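Please view the sequence and the model before reading on.

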Amino acid sequence: MLSRGQKPEQIDRRRSLASIPIVNDCVSHTLDENGRLQLTIEIQRGSGFLSRFQPRIMKKRVRLDELGIFVFEQIDGKRTVKAIIEAFTSRFRTDRRESELSVAAFLKSLAQRKVISIVVK
């Protein structure tokens, strides 16, 4: 656990590519009428004073496009980030570096929205 003033450990590229994304338990998904995947995230309210005025469990929804659906379906708790990038590169025939940047940015946004957790090995 971090103390005040401590910075989180920096993770190098090799370790980040070897990490494994996992879908959080509070996430469910359905297909909407347009065939897009809709994620529903249940988040418990905070403990601050203003949180008392919020519902006990809040729901956020996120809709994914075709590229997002492909990456999300690759997240099975076994595949590494590198394997997901390789699958993305071969499926959409993109440059390796472009795929790496796109997938990494997308996974980061999913982690920030509490859709996934990333296990660093």
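Rings of Phe, Tyr and Trp, the last taken by its six-membered ring, form a pair if their centres lie within 6.5 Å. The model discussed here is predicted, and the structure holds 4 aromatic pairs. A pair of aromatic rings is described by the distance of the centres and the angle of the planes. Two of the pairs are set out below.

| Pair | Centre to centre | Angle between planes | Class |
|---|---|---|---|
| Phenylalanine 49 and phenylalanine 53 | 5.8 Å | 80 degrees | edge-to-face |
| Phenylalanine 88 and phenylalanine 92 | 4.9 Å | 45 degrees | tilted |

The class follows from the angle: planes over 60 degrees apart count as edge-to-face, those under 30 degrees as stacked, and the rest as tilted. The planes of phenylalanine 88 and phenylalanine 92 stand at 45 degrees, and the pair is therefore tilted.

Are the residues of these pairs buried or exposed? Phenylalanine 49 counts as exposed, because its relative accessibility is 55% and the cut-off for exposed is over 50%. Phenylalanine 53 is likewise exposed, with a relative accessibility of 63%. Phenylalanine 88 and phenylalanine 92, by contrast, are both buried. These two residues lie 4 residues apart in helix 3, so about one helical turn separates them. Together with Phe70, Phe88 and Phe92 make up one aromatic cluster.

Helix 3 comprises residues 81-92 and includes threonine 89. Threonine 89 has a relative accessible area of 18%; it is buried because that value is under 20%. Which residues does threonine 89 contact, apart from its neighbours within four places in sequence? They are Thr94, Arg96 and Ser99. Of these, Arg96 and Ser99 are in helix 4 and belong to the meeting of the two helices.

The axes of helix 3 and helix 4, the latter formed by residues 96-112, come within 9 Å and cross at roughly 125 degrees. Helix 3 is therefore oblique to helix 4, since an angle of this kind lies between the range of 65 to 115 degrees for roughly perpendicular and the limit of over 145 for roughly antiparallel. The crossing of helix 3 past helix 4 is right-handed.

On the side of helix 3, the residues that meet helix 4 are Val81, Lys82, Ile84, Ile85, Glu86, Phe88 and Thr89. Their counterparts in helix 4 are Arg96, Ser99, Glu100, Val103 and Leu107. By class, this contact has 6 nonpolar, 2 polar and 4 charged residues.

Key:
Residues are numbered from 1 along each chain as its sequence is written. This is a predicted model: local features need pLDDT of at least 70, side-chain atom pairs count only at pLDDT 80 or more; totals for chains, interfaces and linings use all residues. Side-chain values use heavy atoms; hydrogens and water are left out. Buried means under 20% relative accessible area, exposed over 50%, partly exposed in between (1.4 Å probe, protein chains only). Contact means heavy atoms within 4.5 Å. Axes are lines fitted to C-alpha atoms, for helices over the stretch in contact, and angles run from 0 to 180 degrees between N-to-C directions. Angles under 35 degrees count as roughly parallel, over 145 as roughly antiparallel, 65 to 115 as roughly perpendicular and the rest as oblique. A crossing is left-handed if the near helix is turned anticlockwise from the far one by less than a right angle, and right-handed if clockwise. Ala, Val, Leu, Ile, Met, Phe, Trp, Tyr, Cys and Pro count as nonpolar, Asp, Glu, Lys and Arg as charged, and the others, Gly among them, as polar.
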